[in-house]
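Please look at the sequence and the structure below before reading on. The report that follows describes selected parts of the two chains and the place where they touch.

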Amino acid sequence: MSSAIESVGLSKSFGDIRAVRDLTLEVPSGIMFALVGPDGAGKTTTIRMFCGLLQPTSGSVKIQGRDLAVDRGRVLRDIGYLSQRFSLYGDLSVDENIEFFARLHKVAEFKKRREELLNFTRLEPFRHRLAERLSGGMRQKLSLACTLIHTPRVLFLDEPTTGVDPVSRRDFWKILSNLLKTGITIVMTTPYLDEAERCSRVGLIHEGKLVVVDTPQALKSRLHGAVIELVCTEIRRAFAVLKAAPEAAEVQLFGDRLNLVVQDPEHDAPALEARLAREGIEILDKRIIRPSLENVFISLTQ
Amino acid sequence: MSSNSIVVTALTKAFGKFVAVEGISFSCARGEIFGFLGANGAGKSTTIRMLCGLLAPTSGRATVGGFDIEREPEKVKAHIGYMSQKFSLYEDLTVEENISFFGGAYGLSRAAIHGRLPWVVEMAGLKGREQSLTRTLSAGWKQRLALGCAILHEPEIVFLDEPTGGVDPVSRRNFWELINRLSEKGVTIFVTTHYLDEAEYCNDIRLIHAGRLVAGGSPRELKRIYIKNPILEVECDTVVDALESLQKEPWVIETSIFGTYLHVSVADEAEGRARLVRFFVARDIAVRRIERIMPSLEDVFIQRIEEENRGRREKGI
């Protein structure tokens with residue numbers, strides 16, 4: 001099977017600003033891929049080049065084996081793009097919005113597909129409601145349905161869950177999970193690392209450069225050392241003590257616990273415990289936890 | 001001085017027949033980071049608006065910084081800081097001009113603003129950028145500047161309404177370190193967020209759903225008390241096919257793909273494990289690992305809301 005996306009040496013400059021630098025990436029078909037990075041790292045610029053909306057300064061993009069520069073019309077039929085500012089027509093109903101996008105994509109026989117999508121996104125009961133009267137979560141699902149009307153093989157989502165509440169977010173993820181069953185490839189950008197953990201491959205982009213690409217599990221195994229979760233008395237004082245300790249590579253204070261990244265748990269953990277004990281701080285609970293992608297991200301970009 | 005900064009008793013707000021907030025009660029200790037979570041339309045914003053003295057309650061009462069929100073809304077306003085997701089900064093003003101503007105809006109004298117300015121610049125990490133136009137700043141810097149502007153007048157209580165939308169992980173961490181430092185100085189932080197991994201930074205949390213409080217406690221307590229269905233993480237081949245078949249099994253409460261793994265909620269851990277093994281053996285799918293995982297706050301949140309919705313349906317509401 002050919003890759004869904006293959007980019008080689010992809011770059012984009014805006015004047016002096018090199019937004020994307022020499023990005024070479026291969027995304028296998030049928031997976032959910034996340035492009036993660038801080039604000040301004042080049043995520044949106046990359047995804048817009050993948051969608052043929054932005055001309056690269058240099059480099060090439062192939063979608064499903066077809067070169068975007070050569071076979072643009074065909075490639076565009078195969079992709080769907082949900083941008084951060086996807087516009088629905090507020091004064092059209094759910095049904096009419098989908099029909100509008102069907103006509104835009106020249107899908108003549110759209111009715112069966114529309115039923116499928118309404119069913120899939122559970123918007124069927126609301127089909128006659130005007131888009132402007134939908135909740136944020138429902139609007140998001142309708143935008144997705146419109147993006148899928150022409151049955152694209154590769155779906156691009158640019159920060160699809162920014163500003164969406166947890167219940168709608170969970171619902172949206174469920175829909176994406178189910179979409180994978182149809183063999184589609186999903187590529188999304190997100191600033192949220194807990195979301196990236198839901199994807200089967202993750203690319204970290206930082207200052208226009210692709211720093212690393214791997215499965216979330218493999219990325220986590222790159223983190224040297226271990227993460228220890230600690231519950232103790234006087235948690236804020238403990239934080240200050242640990243922050244000043246050379247054995248802790250990283251300390252994070254949560255509401256009711258601390259997370260420590262240490263290089264060598266066998267040696268560093270007892271040393272840190274001894275420091276707390278000297279300060280009269282009592283450890284109530286301690287365990288080694290799996291690192292999060294956030295731990296990996298912080299260690300790779302700092 | 002009372003140890004509680006905010007005390008809410010049976011607070012209710014109705015708009016016509018619609019009850020947006022229904023008899024909620026809680027208190028926030030001084031210097032605490034208090035998380036107030038809920039979906040859109042759950043009653044979060046209505047509650048914040050009442051606590052900021054912007055909206056009168058229909059019934060019940062609340063004190064903020066010791067002042068009654070209904071009888072002394074002006075005093076409440078003078079003792080709080082407020083920062084929203086939109087950051088409400090003026091994009092065409094420089095960093096320094098924004099600080100001066102907000103200082104003026106909070107009624108600080110020119111001398112007082114002048115005195116506080118270096119502190120805000122330092123805190124926000126904007127040294128050397130005082131004359132930069134705000135619109136040229138990254139989201140992380142804007143966020144810290146907005147926080148600085150919200151606490152120029154040294155309020156005892158700060159309301160943060162969805163403070164970190166669209167901000168990257170490194171900036172988010174820096175932001176929370178600032179918040180922790182404020183809370184250490186005794187400032188009470190009242191925060192709402194959509195991102196439940198962020199609620200992990202809170203000492204105490206309340207979950208609001210359909211206008212009523214449905215869960216509360218520290219992050220660890222919430223995960224311990226409210227998660228009734230264990231979540232099993234399964235490492236296996238062909239997760240997409242496995243998901244499709246698992247969704248049809250009546251004993252599977254909830255399942256989703258999580259990276260290259262599957263997450264499966266079951267009613268009972270031992271029984272769930274046994275059933276999963278039988279399920280995979282019958283389909284000849286290789287399983288490498290089944291492990292019970294710690295639920296996330298998002299798992300707790302979703303589960304509580306689903307229970308509530310089920311309860312309401314049964315009661316015919």
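In chain B, B:Lys13 stands opposite B:Val21, which lies in strand β2(B). The model in which this pairing is seen is a predicted one. Strand β1 of chain B, residues 4–15, runs antiparallel to β2(B) and is joined to that strand by eight bridges. Both strands belong to an open sheet of four strands in chain B, with the order β2-β1-β4-β5 and antiparallel pairing. Because β2 (18–29) and β5 (67–68) of chain B stand at the edges and have a single partner strand each, one side of each is left without a neighbour in the sheet.

Further along chain B comes helix α7, which covers residues 219–226 and has B:Pro219, B:Leu222 and B:Tyr226 as buried residues. Seen down the axis of α7(B), these buried residues fall within an arc of 70°, so they line one face of the helix. An α-helix has 3.6 residues a turn, so residues three or four places apart point the same way. The elements of chain B against which the buried residues of α7(B) pack are listed here.

| Element of chain B | Residues |
|---|---|
| β9 | 204–209 |
| β10 | 212–217 |
| α10 | 297–314 |

Where the two chains meet, 39 residues of chain B are in contact with 37 residues of chain A. On the side of chain B that touches chain A, at least two residues each are supplied by α5 (139–150), α6 (169–184), α7, α8 (239–246), β12 (254–258) and α10 of chain B. The largest share of that side, five residues, comes from α6(B). Sorted by class, the side of chain B that touches chain A has 18 nonpolar, 14 polar and seven charged residues.

Chain A, for its part, has eleven helices and 14 strands, and its C-alpha trace spans about 75 × 45 × 35 Å along its principal axes. Of the 302 residues in chain A, 43% are buried. Among the contacts in chain A with a separation of 6 or more, 71% are between residues 24 or more positions apart.

Why does A:Leu148 count as buried? A:Leu148 is buried because 23 other C-beta atoms lie within 10 Å, and the cut-off for a buried residue is 20 or more. Leaving aside residues up to four places away in sequence, A:Leu148 touches A:Gly80 and A:Leu117. Although A:Leu148 and A:Gly80 are 68 residues apart in sequence, they are 6.3 Å apart in space, C-alpha to C-alpha.

Methods: Residues numbered from 1 in each chain as written. Chains lettered and ligands numbered in written order. Predicted model: local features only at pLDDT ≥ 70, side-chain atom pairs only at ≥ 80, totals over all residues. Buried ≥ 20, exposed ≤ 12 C-beta atoms within 10 Å, placed from the backbone. Arc of directions from axis to C-beta. Contact = placed C-beta atoms within 7 Å. Nonpolar A, V, L, I, M, F, W, Y, C, P; charged D, E, K, R; others polar. Pairing = 2+ DSSP bridges.
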